[in-house]
Amino acid sequence: MASIIVQAVVILLDVIAFGLGVAAEQRRSRATVTPDAAKEYDYCVYDSDIATGYGVGALLLLAAAQVVLMTASRCFCCGRGLKPGGSRACALILFLFTWVTFLIAEVCLLAGSVRNAYHTRYRGNFYGEPLSCETVRKGVFAAGAAFTFFTAILGEVYYLSYSKSREAAGGAPYGASSIGMGPYT
């Protein structure tokens with residue numbers, strides 16, 4: 001039977017990470033080109049940098065949820081064997097997809113946080129070229145939040161499928177090894 005505590009902790013961490021990812025998208029830095037008082041140089045003025053903190057928070061909470069899930073399921077490959085069948089095959093496929101969506105979410109949140117924290121320095125407008133105030137692209141944090149949501153759903157279904165297969169396998173008879181070599185007659 002799947003542990004309700006593990007499911008609740010993982011969902012709570014994933015929901016908070018999703019919320020932080022959405023908040024980071026809403027509060028990402030914006031910049032304006034502003035001339036100095038003598039009108040000799042242009043420079044970039046950035047507004048709030050809180051989206052970096054939100055992105056890093058989402059990144060860490062998502063990683064914590066993944067650690068809890070993988071610890072509870074013994075990372076699919078460690079521990080007792082699982083009963084062959086549909087539940088084990090489903091758990092394996094969901095395990096792989098959970099890791100793929102997790103890695104995509106982490107990359108999006110990390111890239112968004114790093115890019116949001118980067119601010120260009122003062123630069124002059126010497127050659128008539130407009131000054132580029134670099135900011136994080138719209139949708140990077142949103143993509144991280146979306147893949148956080150996908151990771152949460154896939155992780156929960158993976159854990160349920162894993163638990164079903166583990167319960168069906170049962171324990172080793174008479175305290176023996178769980179490697180089935182054949183019946184003793």
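## Helix α2

In α2, the buried residues are Ala51, Thr52, Gly55, Gly57, Ala58, Leu59, Leu62, Ala65, Gln66, Leu69, Met70 and Ala72. The model is a predicted one. An α-helix has 3.6 residues a turn, so residues three or four places apart point the same way.

Helix α2 covers residues 50-72, which is 23 residues. From first C-alpha to last, α2 reaches 33 Å, close to the 33 Å expected at 1.5 Å a residue.

Ser73 belongs to the loop between α2 and α3, the latter spanning 86-117. Is Ser73 buried or exposed? Ser73 counts as buried because its relative accessibility is 0%, the cut-off for buried being under 20%. With neighbours within four places in sequence left aside, the contacts of Ser73 are Tyr158, Tyr159 and Tyr162.

## Thr148 in α4

Helix α4 runs over residues 140-169 and contains Thr148. Thr148 has a relative accessible area of 0% and is therefore buried.

Which residues does Thr148 contact, apart from its neighbours within four places in sequence? They are Asp14, Ala17, Phe18, Leu62, Ala105 and Leu109. One of these, Leu62, is also among the buried residues of α2.

## The nonpolar surface patch

A nonpolar patch on the surface is formed by Phe18, Val22, Phe149, Phe150, Ile153 and Val157. Together these residues have about 490 Å² of accessible area. Phe18, one of the patch residues, is also one of the contacts of Thr148.

Helices α1 (4-26) and α4 each supply at least two residues of the patch. Which helix gives the most to the patch? Helix α4 does, with four residues. Phe150 is located in α4. With a relative accessible area of 39%, Phe150 is partly exposed, because that value falls between the 20% and 50% cut-offs.

## The salt bridge

How many salt bridges does a search of the whole structure find? The search finds one. The salt bridge joins Arg28 and Glu25, whose closest N and O atoms are 3.3 Å apart.

Both partners fall in the buried class, for which the cut-off is under 20% relative accessible area. Arg28 has a relative accessible area of 10% and so is buried. Glu25 is likewise buried, at 11%.

## The chain as a whole

The protein chain has four helices and three strands. Read from the N terminus, the order of elements is α-β-β-α-α-β-α. Of the 185 residues in the chain, 34% are buried.

For contacts with a separation of 6 or more, 81% are between residues 24 or more positions apart. The accessible surface of the chain is about 11,000 Å², and carbon and sulfur atoms account for 67% of that surface.

Methods. Residues numbered from 1 in each chain as written. Predicted model: local features only at pLDDT ≥ 70, side-chain atom pairs only at ≥ 80, totals over all residues. Heavy atoms only, no water. Buried < 20%, exposed > 50% of the residue type's maximum accessible area, 1.4 Å probe, protein only. Contact = heavy atoms within 4.5 Å. Salt bridge = Lys/Arg side-chain N within 4 Å of Asp/Glu carboxyl O. Patch = residues over 30% accessible without salt bridge, like charges linked within 9 Å, V, L, I, M, F, W, Y side chains within 5 Å. Areas by Shrake-Rupley, 256 points an atom, 1.4 Å probe, with all protein chains shown as cover. Expected span 1.5 Å × (residues − 1).
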